[in-house]
Amino acid sequence: MFTRFAVALTAAAVPALVAVGAGSASATTAQPHYPACDFSVHDILYGQSLSAFCFSGVGEFQVVAECAGGLNSWWVTGFPGIAHQRPSIAECDGSLLLGARVVDYHIEWL
């Protein structure tokens, strides 16, 4: 009796666990992939800064960071960087009571 119950319970639980796993995998958002750019996030006073240095491409680019603090989110563009020469840096500035953090980013070529 117990083995039938255990088999039935296992048979019912496996599809449910597979469905939960598949749903969470599809809900995750992948970070943008720039194979020839290095990104680094640093803590600053009341927030974070995002630095991008690109090893490929020609000309100027800028990093665009999505910032979040509390229930708000906003986009910040960094000053222009030059490929192979100078990084682009964007800063997410928060406040004394609520710091800001970088939650997403991408590169725009100028």
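I take a disulfide to be a pair of cysteine sulfur atoms within 2.5 Å. With that settled, I note that the disulfides of this protein follow the pattern 1-2, 3-4, bonded cysteines being counted along the chain. The model I am reading is a predicted one.

**Entry 1. Overall layout**

I began with the secondary structure and found one helix and seven strands in the protein. Read along the sequence, these elements follow the pattern α-β-β-β-β-β-β-β. I then looked up burial and noted that 25% of the 110 residues count as buried. The accessible surface comes to about 7400 Å², and carbon and sulfur atoms hold 64% of that surface. I also looked up the contacts in the protein with a separation of 6 or more, and 59% of them are between residues 24 or more positions apart.

**Entry 2. The disulfides**

How many disulfides does the structure hold? I found two.

I took C37 and C54 to start with; a disulfide joins them, with an S to S distance of 2.2 Å. C37 lies in strand β1 and C54 in strand β2, so this pair ties together parts that are 17 residues apart in sequence. The link of C37 and C54 is right-handed, with 100 degrees about the S-S bond. Are C37 and C54 buried or exposed? I noted both C37 and C54 as buried.

I turned next to C67 and C92, which form a disulfide with their sulfur atoms 1.9 Å apart. C67 belongs to strand β3 (residues 60-69) and C92 to strand β6, so the parts tied together here are 25 residues apart in sequence. The torsion about the S-S bond of C67 and C92 is about -70 degrees, and the disulfide is therefore left-handed. C67 is buried, and C92 is buried as well.

**Entry 3. Aromatic pairs**

The ring centres of F39 and Y105 are 4.6 Å apart and their planes stand at 35 degrees, so I recorded the pair as tilted. F39 lies in strand β1 and Y105 in strand β7, so the pair ties together parts that are 66 residues apart in sequence. I checked the exposure of each partner. F39 is partly exposed, with a relative accessible area of 25%. Y105 has a relative accessible area of 15% and is buried, because buried means under 20%.

F61 and W109 also form a tilted aromatic pair, at 5.4 Å centre to centre and with 50 degrees between the planes. This pair links distant parts of the chain, F61 being in strand β3 and W109 in strand β7, 48 residues apart. F61 is buried, with a relative accessible area of 0%, whereas W109 is partly exposed at 41%.

**Entry 4. Backbone angles in the loops**

I then looked up backbone angles. Most residues other than glycine have a negative phi. Which value does phi of Y46 take? I found it near 65 degrees, a positive value in a residue other than glycine. Y46 sits in the loop between β1 (37-44) and β2 (47-54). Its relative accessible area is 36%, so Y46 is partly exposed.

H84 is another entry under this heading: its phi is positive, about 75 degrees, although H84 is not a glycine. I located H84 in the loop between β5 (81-82) and β6 (88-93).

Q85 lies in the loop between β5 and β6 as well. Its relative accessibility is 61%, so I recorded Q85 as exposed. From Q85 I looked across to E60, which is 25 residues away in sequence. The distance between Q85 and E60 in space is 9.7 Å, C-alpha to C-alpha.

**Entry 5. A nonpolar surface patch**

Which residues make the nonpolar surface patch of about 610 Å²? I listed L45, Y46, L96, L97 and L98. L98 is partly exposed, with a relative accessible area of 43%.

Conventions. Residues numbered from 1 in each chain as written. Predicted model: local features only at pLDDT ≥ 70, side-chain atom pairs only at ≥ 80, totals over all residues. Heavy atoms only, no water. Helix = DSSP H or I, 4+ residues; strand = E, 2+ residues; numbered from the N terminus. Buried < 20%, exposed > 50% of the residue type's maximum accessible area, 1.4 Å probe, protein only. Patch = residues over 30% accessible without salt bridge, like charges linked within 9 Å, V, L, I, M, F, W, Y side chains within 5 Å. Areas by Shrake-Rupley, 256 points an atom, 1.4 Å probe, with all protein chains shown as cover. Salt bridge = Lys/Arg side-chain N within 4 Å of Asp/Glu carboxyl O. Phe/Tyr/Trp six-rings, centres within 6.5 Å; stacked < 30°, edge-to-face > 60°. Contact = heavy atoms within 4.5 Å.
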